[in-house]
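Hello,

Here is the structure for you to look over. My notes follow below it.

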Amino acid sequence: MTYVITQPCIDVKNKSCVDVCPVSCIYFESDDKDRKLYIHPDECIECGACAPECPVNAIFFEGAVPDEWNEFTELDARWCRGDASEKNAVRARINQIQPPTAAAC
C-alpha cells in the first residue's frame with residue numbers, strides 16, 4: 001500500500017507535501033510538464049506525513065482513495081515507474097480527466 005495524489009492537486013502543486021516527506025518519494029519532472037505531483041508507490045513508507053500538509057486534500061492512503069479518483073492510484077504508479085513515453089501517456093490522461101485552462105498554460 002502507498003499514499004496517492006489525486007485530482008485536486010492538478011494545477012495546484014503546492015509542494016508542501018514534498019517538504020515533509022522523510023523519504024523524498026513525491027515527484028514531478030517540471031512545472032511546465034506536470035500538472036500534478038506523484039507519489040512513488042515503491043518508495044512510500046506509508047508514514048502519512050504528506051496528507052495533512054496538502055491544502056486541497058488531494059492525498060489519500062491507497063485503500064481510502066474516493067471511488068471517483070481510484071484511477072489516480074494507477075496513474076501515480078505508471079508515472080513513477082515509467083519511461084518518458086509512459087510519463088507522457090499519464091500526462092495526456094491527466095489532460096483528459098481535467099482539461100487545461102488558459103491560466104494553466
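Which elements do the buried residues of α2 pack against? They pack against β1, β2 (26-27), β3 (38-39) and α3. Please bear in mind that this is a predicted model. The buried residues in question are F72, T73, L75, D76, A77, W79 and C80.

**The helix pair**

Start with α2 and α3. Helix α2 covers residues 71-81 and helix α3 covers residues 84-97. Their axes come within 8 Å and cross at roughly 150°. An angle over 145 degrees counts as roughly antiparallel, so that is how α2 and α3 run relative to each other. The crossing is left-handed.

From α2, the contact is made by E71, F72, L75, R78 and W79. From α3, the residues are E86, K87, A89, V90, R91, R93, I94 and I97. By type, the contact holds seven nonpolar residues, six charged ones and no polar ones. F72, L75 and W79 of α2 take part in this contact, and F72, L75 and W79 are also listed among the buried residues of the helix.

**Aromatic pairs**

How many aromatic pairs does a search of the whole structure find? It finds three. I describe two here.

One of them is Y3 with F61. This pair is edge-to-face, with 5.3 Å centre to centre and 70° between the planes. Y3 lies in strand β1 (residues 3-5), and F61 lies in strand β4 (residues 59-61). The pair therefore ties together parts that are 58 residues apart in sequence. Y3 counts as buried, at 14% relative accessibility. F61 is partly exposed, with a relative accessible area of 27%.

Another is F60 with W69. This pair is tilted: 5.9 Å centre to centre, with 45° between the planes. W69 counts as buried, at 17% relative accessibility.

Two residues here deserve a check of their backbone. Most residues other than glycine have a negative phi. D11 has a positive phi, near 70°. K13 has a positive phi too, near 40°. D11 is found in the loop between β1 and α1 (16-20), and K13 is found in that loop as well. Are they buried or exposed? D11 is partly exposed, with a relative accessible area of 33%. K13 is buried, at 14%.

**D34**

Where is D34? Its place is in the loop between β2 and β3. D34 counts as buried, at 0% relative accessibility. What does D34 touch, not counting residues up to four places away in sequence? The answer is K13, F28, E29, W79 and R91. Of these, K13 belongs to the loop between β1 and α1.

D11 and D34 are 23 residues apart along the chain, and their C-alpha atoms are separated by 8.6 Å. D34 and F61 are 27 residues apart in sequence and 22 Å apart in space, C-alpha to C-alpha.

Best wishes

Note on methods: Residues are numbered from 1 along each chain as its sequence is written. This is a predicted model: local features need pLDDT of at least 70, side-chain atom pairs count only at pLDDT 80 or more; totals for chains, interfaces and linings use all residues. Side-chain values use heavy atoms; hydrogens and water are left out. Axes are lines fitted to C-alpha atoms, for helices over the stretch in contact, and angles run from 0 to 180 degrees between N-to-C directions. Helices (H or I, at least four residues) and strands (E, at least two) are DSSP runs, numbered from the N terminus. Angles under 35 degrees count as roughly parallel, over 145 as roughly antiparallel, 65 to 115 as roughly perpendicular and the rest as oblique. A crossing is left-handed if the near helix is turned anticlockwise from the far one by less than a right angle, and right-handed if clockwise. Contact means heavy atoms within 4.5 Å. Ala, Val, Leu, Ile, Met, Phe, Trp, Tyr, Cys and Pro count as nonpolar, Asp, Glu, Lys and Arg as charged, and the others, Gly among them, as polar. Rings of Phe, Tyr and Trp (its six-membered ring) pair if their centres lie within 6.5 Å; planes under 30 degrees apart count as stacked, over 60 as edge-to-face and the rest as tilted. Buried means under 20% relative accessible area, exposed over 50%, partly exposed in between (1.4 Å probe, protein chains only).
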